[in-house]
Amino acid sequence: MEKFLIISHVLCGGTVLTLGLIQMFNRKGGKNHILLGKIYVAAMWWICLSAWSIIFFYRFSAFLMVIAVLTFHSSFVGIRVLRRKKVGSEKWYDWAVSIVTSLFGIGIIIYGIHLFLNTPNTILAFLCGLFGFFTLLNGFQDLRFFIQKPELEKHWWLRQHIGAMGGSYIAAITAFAVQNPNLFMPGSSYQWLLWVLPGVIGTPLISLAGKKWDKKVQTKPII
């Protein structure tokens, strides 16, 4: 069973990396975009499920755990926002995912503090604190949105969709890079940068893409 989980995890990882790249250039809202998006999300969710199964039943990995939570949350929000375009239309499971994500972020931060105080692994402690903070932030922002129900522009969900799906792709790239450090930084003592570089590079690009499509949809609806 463990072998099946690992092989399927790797295959779905390759699928996500390939489809995510294709989706960047696909016409938004088209049949191909929708179909490939569904396959992307299904593969992403299996990646998360298989990762959790490996963690709980075979071997613990803080890396797999934090990436699995981040990728699931981002892909979940990315697909759900298309079904709750009306502010206030969230369901109980939207709340549940956001609450669990927030609690997990708090847990990773606490784990990072533990590592910092009781082990010499300060780099891992820093990474746990960093990823824990952003995990908590993602979940907390959802909860604040659900509670406050702010007044937003007509196509607010488009930018959130692009941001969330882009975020899930960054997490997938991070996972691939961290699992294969010698492909990118062979023998380097700075391989820990592979944890943060995908986010540092990808986040501004996603923001620009969101603004671009937001402007387009204001003049000519795309989705």
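Helices here are DSSP runs of H or I with at least four residues, numbered from the N terminus. With that in hand, welcome to this predicted model, which we can walk through helix by helix.

Two packed helices are described by the angle between their axes and the distance between the axes. Helix 1 covers residues 2–25 and helix 2 covers residues 31–57; their axes come within 8 Å and cross at roughly 150°. Angles over 145 degrees count as roughly antiparallel, so helix 1 is roughly antiparallel to helix 2. The residues in the contact of these two helices divide into 16 nonpolar, eleven polar and no charged. As for its hand, the crossing of helix 1 with helix 2 is left-handed.

Further along the chain you will find another pair. By class, the contact of helix 4 with helix 5 has 18 nonpolar, ten polar and two charged residues.

Now stay with helix 5 for a moment. Its 27 residues should span 39 Å at 1.5 Å a residue, and the end C-alpha atoms lie 38 Å apart, which agrees. Which residues of helix 5 are buried? They are Ala125, Leu127, Cys128, Phe131, Gly132, Thr135, Gly139, Asp142, Leu143, Phe145 and Phe146. As you follow them in the structure, look at what surrounds them: the buried residues of helix 5 pack against helix 3 (62–80), helix 4 and helix 6 (156–179).

What is phi of Lys149? It is near 45°, a positive value in a residue other than glycine. Most residues other than glycine have a negative phi. Is Lys149 buried or partly exposed? With a relative accessible area of 39%, Lys149 is partly exposed, since buried means under 20% and exposed means over 50%.

Helix 6 has 24 residues and reaches 35 Å from its first C-alpha to its last, close to the 34 Å expected at 1.5 Å a residue. Of those 24 residues, 17 are buried, so helix 6 is largely enclosed by the rest of the structure.

Definitions and conventions:
Residues numbered from 1 in each chain as written. Predicted model: local features only at pLDDT ≥ 70, side-chain atom pairs only at ≥ 80, totals over all residues. Heavy atoms only, no water. Nonpolar A, V, L, I, M, F, W, Y, C, P; charged D, E, K, R; others polar. Helix = DSSP H or I, 4+ residues; strand = E, 2+ residues; numbered from the N terminus. Expected span 1.5 Å × (residues − 1). Buried < 20%, exposed > 50% of the residue type's maximum accessible area, 1.4 Å probe, protein only. Contact = heavy atoms within 4.5 Å. Axes fitted to C-alpha atoms, helices over the stretch in contact; angles between N-to-C directions. Parallel < 35°, antiparallel > 145°, perpendicular 65-115°, else oblique. Left-handed = near helix turned anticlockwise from the far one by under 90°.
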